[in-house]
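The following exercises concern a structure to be examined alongside its sequence.

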Amino acid sequence: MKKCGRYLDYMELSGDVTCSQWQDELLHARRCPDCAHDMKIRTELLNICSKLEEPEYPLELHGYIMAGIKAGSNGANEVPSLIDSLFDKFLRPVEFSMSLATIVVIAFLLTLEFQPAEINQPRRSYVTTTSEQAEPKQNLVAISELDEVSGKDVQNFLQRLAEYRQHHPEIDHPGPRTSYRPPVRLVSDGQ
Amino acid sequence: MHSSESKANDNKETDKLLYRLRAGDKRAFEDLVSRYEKTVYRLCYRFFYNEQDAMDATQEVFLKVYRAIERFEGRSSLKTWIYRITANTCITLAEKHKKEKDGLLQTIIHWWNDRDQVTPEEEVIEKLQRKINRRMVSNKIAVLPENYRVPVILKDIEGLSIERIAEILKVPQGTVKSRLSRGRRLLHEALQAQMNRSEE
């Protein structure tokens, strides 16, 4: 069975209703169980609405609002000053060129091959031989006098070398290295 | 006599506040927030029936007020102007929420949350009472279409006059009346349906 909706339809009209029209509706509502029920619900509904409790206000409400305003005003509404805008205009190209130069330098450095420097320092043993101590001095003299060497000096040197080879044949035919025993001077020998 | 005196005092206070705001007094806006935050929050809470949404909407309302206060010409009262911003903000946010909830996953989450809102004990109490209660009403108001929700809240809960609501919403009084009636009817039917379900 279809529910009677006359009361609700009438309420929805909500225009200027005369007193007699309103009385007619009330009479109908008393007789019609559907409309009586609707009227009861509507009255109860409006009663509840008018007496709805206030919500609990969150303690952080004020702070939350002010934080939002601070964030919003910092972001959108801030107008840069003339000096700021001028600095910005001038500094931006400088900033850009500096960044570009840095990138170019890094790229250039990456293309270079890394070559570690050779270290030709002679290793020194803990035991120092007398011949080793004397040799560097002789070499130094020879190197410093290279510019003044004449053909005669060369001939003299070759003659001395040949004599030396004759007296020392082991140079051309060296024996096993293990048999070599350099003359050792201990620290306590001098005492 | 007493109410007219308090209204005159209220107007004086508002004028002072506006003067300070226009003079660039930074504390003035904080005073404005302190003065209207509860009213705005209450409206937002009625609209959404959810604390977080109400807080977000309140924050949004005051941000709009902050940005537009310099353009406020005083054609309507400050309170009416703030009410208008609140109503428009709530409607905009509700539409935005609706778009966000269009996804299937969101619909399922929403359904699941709704399901959890009424505990078995509360359901038993509701069945025993078999009548409409405040919680039910608040819930049903919060799901009314936005255009009908605002007049129902302003008229039936806040108790404002049709004239004032028309001023707030910037619509003719006839429009307010028809929206109000339609909103009440929808609310009524929703409550009736809920009661029928709980009786079954």
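**Exercise 1.** Determine in which helix of chain A confidence is lowest and in which it is highest.

*Solution.* The model is predicted, and the mean pLDDT of chain A is 75. Of the residues in chain A, 61% reach 70 or more. Confidence in this chain is lowest in helix α6 (residues 130–144), with a mean of 52. It is highest in helix α7 (residues 151–167) of chain A, at 89.

**Exercise 2.** Classify how helices α1(A) and α3(A) are oriented to each other, and list the residues that make their contact.

*Solution.* Begin with the axes: those of α1 (residues 6–13) and α3 (residues 33–50) of chain A come within 8 Å and cross at roughly 45 degrees. The two helices are therefore oblique to each other. Next, identify the residues: α1(A) contributes R6(A), Y7(A), L8(A) and M11(A), while α3(A) contributes C35(A), D38(A), M39(A) and R42(A). By class, this contact comprises 5 nonpolar, no polar and 3 charged residues.

**Exercise 3.** Decide whether T89(B) is buried or exposed, and name its contacts beyond four places in sequence.

*Solution.* T89(B) lies in helix α4 (residues 78–100) of chain B. Its relative accessibility is 1%, so T89(B) counts as buried, the cut-off being under 20%. Apart from neighbours within four places in sequence, T89(B) contacts A57(B), E60(B), V61(B) and K64(B).

Definitions and conventions. Residues numbered from 1 in each chain as written. Chains lettered and ligands numbered in written order. Predicted model: local features only at pLDDT ≥ 70, side-chain atom pairs only at ≥ 80, totals over all residues. Heavy atoms only, no water. Axes fitted to C-alpha atoms, helices over the stretch in contact; angles between N-to-C directions. Helix = DSSP H or I, 4+ residues; strand = E, 2+ residues; numbered from the N terminus. Parallel < 35°, antiparallel > 145°, perpendicular 65-115°, else oblique. Contact = heavy atoms within 4.5 Å. Nonpolar A, V, L, I, M, F, W, Y, C, P; charged D, E, K, R; others polar. pLDDT = per-residue confidence, 0-100. Buried < 20%, exposed > 50% of the residue type's maximum accessible area, 1.4 Å probe, protein only.
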